[in-house]
Amino acid sequence: MKKLLLILFLGLIITGLAAAQVARGGTLYVAVRTVDLKSSTGFFASNRGRLNYGDRVTVIQVSGRFVEVRSAVNPSLTGWTPSANMSVRQIVTGTTSTETTREVALAGKGFDQEIEDAYRTQNRELNYSAVNEVESLIINEDQLIRFLEEGRLSMGDN
């Protein structure tokens with residue numbers, strides 16, 4: 001399980017670094033199911049809108065691990081997101097096969113059913129149900145803020 005998480009983590013870092021290297025005016029593509037564009041780089045910054053997997057954007061500016069982008073479909077939609085949510089490679093959507101959007105997104109990051117099957121063969125003790133359970137958790141922003149306040153934890157950047 002640790003190897004699997006390490007490989008996924010490295011994939012995210014590589015994607016993020018590649019996306020962060022795109023200069024102003026460059027093109028990126030959304031590499032996750034959905035991404036909320038924020039008014040600033042702060043986690044609790046207000047949402048300006050949402051982009052979907054494969055949407056094309058233009059880079060406005062880069063700040064550390066964040067990138068400010070403009071939607072190609074709706075040029076009035078701009079905002080900040082972690083560069084790890086973006087890819088320099090064009091995302092091909094609209095597959096006619098049985099793959100889900102989630103599977104296509106994972107394959108775009110280098111993880112597909114074939115790789116998962118290889119991991120299952122190498123180590124029969126991997127517990128994918130635990131990963132699926134964690135992925136299904138939905139915590140809204142109000143719940144998260146309340147948790148941070150009650151625990152007297154830092155809110156991070158605003």
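Me: Which strand does V57 lie in?
Reply: In this predicted model, V57 lies in strand β4, which covers residues 56-63.

Me: Why is V57 called buried?
Reply: The relative accessibility of V57 is 0%. Buried means under 20%, so V57 counts as buried.

Me: What does V57 touch, beyond residues up to four places away in sequence?
Reply: V57 touches G26, T27, L28, L51, V69, R70, S71, A72 and M86. The C-alpha atoms of V57 and M86 are 9.2 Å apart in space, and the two residues are 29 apart in sequence.

Me: Which residues make up the largest nonpolar core?
Reply: The core has twelve residues: L28, V30, V32, V35, L37, L51, V57, V59, V67, V69, L77 and M86. Two or more residues come from each of β1 (27-30), β2, β4 and β5 (66-71). V69, a member of this core, is in contact with L37, L51, V57, T58, V59, I60, L77, T78 and G79, leaving aside neighbours within four places in sequence.

Me: How do you know that β5 and β6 pair, and in which sense?
Reply: Strands pair if there are at least two bridges between them. β5 and β6 have five bridges, so they pair, and the sense is antiparallel. R70 stands opposite T78 in β6. A hairpin of six residues joins β5 to β6.

Me: What makes β6 mostly covered?
Reply: Four of the five residues of β6 are buried. T81 lies in this strand, residues 78-82, and has a relative accessible area of 1%. That value is under 20%, so T81 is buried.

Me: What makes the link between the side chains of T81 and N85 a polar contact?
Reply: The distance is 2.7 Å. The cut-off for such a pair of N or O atoms is within 3.5 Å, and the T81 and N85 side chains meet it.

Me: Is N85 buried or exposed, and why?
Reply: N85 has a relative accessible area of 18%, which is under 20%, so N85 is buried. N85 lies in the loop between β6 and β7 (86-87). Apart from neighbours within four places in sequence, N85 is in contact with Y29, V30, A31, V32 and V35. For T81, the contacts on the same terms are V35, L37, R65, F66, V67 and M86.

Me: How many salt bridges does a search of the whole structure find?
Reply: The search finds two salt bridges. One is between the side chains of D36 and R50, at 2.8 Å from N to O. D36 is in strand β2 (residues 34-38) and R50 in strand β3 (residues 47-52), so the pair, 14 residues apart, links distant parts of the chain.

Me: Why is the contact between K38 and E141 called a salt bridge?
Reply: The N to O distance between the side chains of K38 and E141 is 3.4 Å. A salt bridge needs a distance within 4 Å, so the pair counts as one. K38 is in strand β2 and E141 in helix α5 (residues 141-150), 103 residues apart.

Technical notes: Residues are numbered from 1 along each chain as its sequence is written. This is a predicted model: local features need pLDDT of at least 70, side-chain atom pairs count only at pLDDT 80 or more; totals for chains, interfaces and linings use all residues. Side-chain values use heavy atoms; hydrogens and water are left out. Buried means under 20% relative accessible area, exposed over 50%, partly exposed in between (1.4 Å probe, protein chains only). Contact means heavy atoms within 4.5 Å. A polar contact is a pair of N or O atoms within 3.5 Å; within protein, one must be able to donate a hydrogen and the other to accept it, and residues adjacent in sequence count only if both atoms are side-chain atoms. A nonpolar core is a set of buried Ala, Val, Leu, Ile, Met, Phe, Trp, Tyr and Cys residues joined through side-chain atoms within 4.5 Å.
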